[in-house]
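Subject: Structure handover

Dear colleague,

Please find the structure below, with notes on what was found in it after that.

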Amino acid sequence: GEFLPSGRHREWCEPGVLKRIRRRTLAKLRGEVAPVESHVLARFLPAWQGVGVEASGPRRLPQVVEQLEGIPLSFKELERTILPSRVPNFHPRQLDELGAMGGLVWLGAGSLGGKDGRIALYRRDRVGLLVDPPPPLEDGGALHEAILDHLRNRGASFLTEIMATCRDGDEGELLDALWDLVWAGHLTNDTFHPIRALEAPKQKRQRRRRGRGGEVVWAAGGRWSLTEHLLFSRASETEKLHARAMVLLERYGIVSREVMSLENFQGGFSPIYQVMKALEESGKVRRGYFVEGLSGAQFAYAGAVDQLRASRQALEAPEVVVLSATDPANPYGALLSWPEVTAPGAEAATTPKRIAGATVIIVNGELLLWLDSSGKRLVTFKPSDETQPELMLHALAGLKRVASKRRGKYLRLEKVDGEPARSSSRLSLFAQAGFSQDYKGLVLEVR
């Protein structure tokens, strides 16, 4: 090869010397990039994942699915906030259309109460590389086995067909057993309608009951099938690990041990680390200490490092990002620790958490607000530069986006930092942001 800096022709190099050259080159590359502050990562991640992107078109949703592939997310949050923040003019039917064309499948990853659950999206041709077969259901009964046996013998089936075979249980027991298998990763459906139907009020479901099986067909329509056929793969373990490492690089840009707290991959970071080392030695990724606050072993594409460094540049106007607390574009509470709250002695009920329904508002990469799932409790964080109160004002203005998506298009805060909202020390800022007072707290209306 051309090993010398001025090399122009074929040259020969002793293998041991070549290894020394490679090691020193990699060490030089690692030292070229000074680590950026942690808040820069919070500016980089939403941009890397296309949050707020204006480009649309038929390819946008498949691109987003590719980047979110395999990460378990609340279905409600996925349809209401995570996908709309990345796909302009998103409509839920787009998911159904993509699934009907065979380009998308979903797998359950745990229940979130009776009306929601975590699911992971996959491209159909990739699911076998990214998912290990689920373990047997520990507390399954005869009805669970009957459902599995029916689907093994008959293939994908509608609920009415499953009901005809599983005559031992009533409709409610059948649905409970079915969803046990779904959230454990054993079953999937060719549409998203059954998950949406979980949210319907119980009274509405009862009104829809017209004769035997009416409620079941409505609440769990579409065809159900076993995931074991999707998860079959002839790929080696090395090929599977490589595919999973590439998913992490595409999703986060900068990959460290901390990302595994958000992922559903078995085995932790150690096997992924070995693949990343091999990718570095082949020149496909770079290794270094890119972000302060993350563990030392960090891997990234060269383009991601350049974009991360560019995110340090000063902004002409404040950049306000409103995200679901569980959005993978939100690094706080997972990749980065929660910042210092304004009132450290606030009650435990207001401690920020990455839970479905909660919202975070980030200004210039700094987390300033956390709103709980009820929309009634707000936690504020100290900005790094407390001489700029206008940053908090921009964050409070971001609550208008949250209010606009809620029923009635309004928000009522009852607690701020654990104290009654009406006695908050930031009352003047709330007034400037458009809040008014009522007998319960502070109200923001969006007309």
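In strand β8, Phe299 is the bridge partner of Arg287. Strands here are DSSP runs of E with at least two residues, helices are runs of H or I with at least four, and both are numbered from the N terminus. Two strands count as paired if DSSP finds at least two bridges between them. β7 and β8 (residues 298–300) run antiparallel and are joined by three bridges. They belong to an open three-stranded sheet with antiparallel pairing and the order β6-β8-β7. β6 (254–255) and β7 (286–288) are its edges; each has a single partner strand, so one side of each has no neighbour in the sheet.

On the source: this is a predicted model, in which local features need pLDDT of at least 70 and side-chain atom pairs count only at pLDDT 80 or more, while totals for chains, interfaces and linings use all residues. Residues are numbered from 1 along each chain as its sequence is written, and side-chain values use heavy atoms, with hydrogens and water left out.

The six-stranded sheet

A second open sheet has six strands in the order β9-β10-β11-β12-β14-β15, with mixed pairing. Its edge strands, β9 and β15 (419–420), each pair on one side only. β9 and β10 are antiparallel and joined by five bridges; Val321 has Ile362 of β10 as its bridge partner. Five bridges also link β10 to β11, again in the antiparallel sense, with Thr359 opposite Leu371. The hairpin of β10 and β11 has two residues between the strands, and Asn364 takes a positive phi near 55° there. β11 (residues 366–371) is in turn antiparallel to β12 (residues 377–380), with three bridges, and Leu369 is partnered by Thr380.

In a regular strand, side chains alternate between the two faces of the sheet. In β10, Thr359, Ile361 and Val363 on one side and Val360 and Ile362 on the other are all buried (under 20% relative accessible area with a 1.4 Å probe, protein chains only; exposed is over 50%, partly exposed in between). Because five of the five residues of β10 (residues 359–363) are buried, the strand is largely enclosed by the rest of the structure.

Gly398, in the loop between α17 (389–397) and α18, counts as buried because its relative accessibility is 3%. Leaving aside residues up to four places away in sequence, Gly398 touches Val320, Val322 and Ile361 (contact means heavy atoms within 4.5 Å).

Cores

A nonpolar core is a set of buried Ala, Val, Leu, Ile, Met, Phe, Trp, Tyr and Cys residues joined through side-chain atoms within 4.5 Å. The largest has 104 residues, and Ile147 and Leu187 touch the most other members. Helix α9 (residues 171–183) gives the largest share of this core, eight residues. Apart from it lies another core of 24 residues, including Val320, Leu399, Leu411 and Leu413.

The largest pocket

A pocket is an open set of points on a 1 Å grid over the protein atoms alone, where a 1.4 Å probe fits and protein lies on both sides within 12 Å along at least five of seven lines; lining residues have an atom within 4 Å of a point. The largest pocket is lined by 36 residues, with Arg80, Thr81, Val402, Lys405 and Arg406 nearest its centre. α4 (75–82), β9 (320–324), α18 (399–404) and β13 (410–413) each supply at least two lining residues.

Regards
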